Amino acid sequence: MPELPEVETVRRSLTDTLSGATIVAIEERFPGVLIDESEGYTLPLTIERLRRRGKYLLFDLIDVEGKALILIAHFRMTGKFYIEHHNHVQPHTHVRLKIIKDGNTFHLDYVDVRRFGRLWLYDSHDENRHKTIAGLGPEPLSEAFSEESLRFSLKRRHGSTVKATLLNQEEIAGIGNIYADEALFRAGIRPQRRSGRVTKKETAKLHLALRDVLELGIGHRGTSFRDYVDGLGRPGSFQQLLNVYGRSGEPCHVCQTPLKTIRVAGRTTRYCPRCQR
Ligand SMILES: [Zn+2]
């Protein structure tokens, strides 16, 4: 599932192509993937900007009469946007947006093999109309996410494992299995430790580690472990720098001890039994 760095990479990859473009037609090729919660609009819709919140990609739109709308995308497992310059339709294209930019016509296709992802359309530019987004915790790369806020989250979820707390989108937005495992490795904390047993010093390390792995992930344009590609079809390269994710049984990059695999918070979890306490 794309996490914060992957969704941010998609946003950046599509920004030049889509900012200022107009959506002149919306074709639903499979019902139920696009959920229209708006009170209506008149095409064409101008794409003002692309934003991101947690793992959600947001398109601020203005309809032809000046009404503001927002299109929200959540990719879940296998959803992706694909720019199609020809009339070809690839399999599993559920929503096709016909786009005009600088006189050129192309399509922005929402493709999703497993079809768990969704697109929502709401009135206004306020993403908090989406209930789940309204309940998201702070953006981990913003000032709202501090050592203090992380300490508070760990305290509030003291009985849960530290990994479950990191994955809880109400505590911190945008972190999934890959970046949680990588951050815990860097901070030297076992994923299955109770949140309430993380010390103040470790919290400071974890705060820094989370920011580092997310920034590195964005810098390497995401992790392409299975099939993730950005909005222009390019894979990322952060998978080459992973310390634990996907390395079950392989030697730790720091101490050479074979990495362990366990299940934490319902997810396959890897850690170094020597470096992480
Ligand atoms: Zn180690």
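In this predicted model, Arg-157 has a relative accessibility of 25%, and therefore counts as partly exposed. Its side chain meets that of Glu-170 in a salt bridge, with 3.8 Å from N to O. The pair links distant parts of the chain, since Arg-157 sits in the loop between α3 (147-156) and α4 (162-167), while Glu-170, 13 residues away, belongs to the loop between α4 and α5 (177-187). Glu-170, for its part, counts as exposed because its relative accessibility is 53%.

Arg-51 forms a salt bridge with Asp-60, in which the closest N and O atoms are 2.9 Å apart; Arg-51 is partly exposed, with a relative accessible area of 23%, whereas Asp-60 counts as buried at 2% relative accessibility. The side chains of Arg-221 and Asp-230 likewise meet in a salt bridge, at 2.9 Å from N to O. Here Arg-221 counts as partly exposed, its relative accessibility being 29%, and Asp-230, at 1%, counts as buried. Elsewhere, salt bridges with shared partners join Glu-8, Arg-11, Arg-12, Arg-52, Arg-53 and Glu-139 into one network.

From charged pairs we turn to the metal site. The zinc ion is coordinated by the SG atoms of Cys-252, Cys-255, Cys-272 and Cys-275, at 2.3 to 2.4 Å. The arrangement is tetrahedral because the four donor atoms subtend angles of 99 to 113 degrees around the zinc ion, and four donors count as tetrahedral when all angles lie between 85 and 135 degrees. Along the sequence, the donor residues follow the spacing C-x2-C-x16-C-x2-C. Cys-255 lies in the loop between α6 (200-219) and β10 (260-264), and Cys-272 in the segment after β11 (267-271), so this pair ties together parts that are 17 residues apart in sequence. Both Cys-255 and Cys-272 are buried.

The last feature is empty space inside the protein. Rolling a probe the size of a water molecule over the atoms shows where such space is left. The count comes to one cavity of 30 Å³ or more, and the largest cavity has a volume of about 60 Å³. Its lining consists of Ile-23, Ile-26, Leu-34, Leu-45, Leu-61, Leu-71, Val-95, Leu-97, Leu-119 and Leu-121. The elements that contribute two or more residues to this lining are β1 (22-28), β7 (93-101) and β9 (118-123).

Notes:
Residues are numbered from 1 along each chain as its sequence is written. This is a predicted model: local features need pLDDT of at least 70, side-chain atom pairs count only at pLDDT 80 or more; totals for chains, interfaces and linings use all residues. Side-chain values use heavy atoms; hydrogens and water are left out. Donors are N, O and S atoms within 2.8 Å of the metal (3.2 Å for Na, K and Ca); water is not among the atoms, so sites may look incomplete. Four donors count as tetrahedral if all angles lie between 85 and 135 degrees; four count as square planar and six as octahedral if opposite donors are over 155 degrees apart and all others between 65 and 115; anything else is irregular. Helices (H or I, at least four residues) and strands (E, at least two) are DSSP runs, numbered from the N terminus. Buried means under 20% relative accessible area, exposed over 50%, partly exposed in between (1.4 Å probe, protein chains only). On a 1 Å grid over the protein atoms alone, a cavity is a set of points where a 1.4 Å probe fits but cannot get out, and a pocket is an open set with protein on both sides within 12 Å along at least five of seven lines; lining residues have an atom within 4 Å of a point. Grid points are joined across faces, edges and corners, and a volume is the space filled by probe spheres set on the points. A salt bridge is a side-chain nitrogen of Lys or Arg within 4 Å of a carboxyl oxygen of Asp or Glu.
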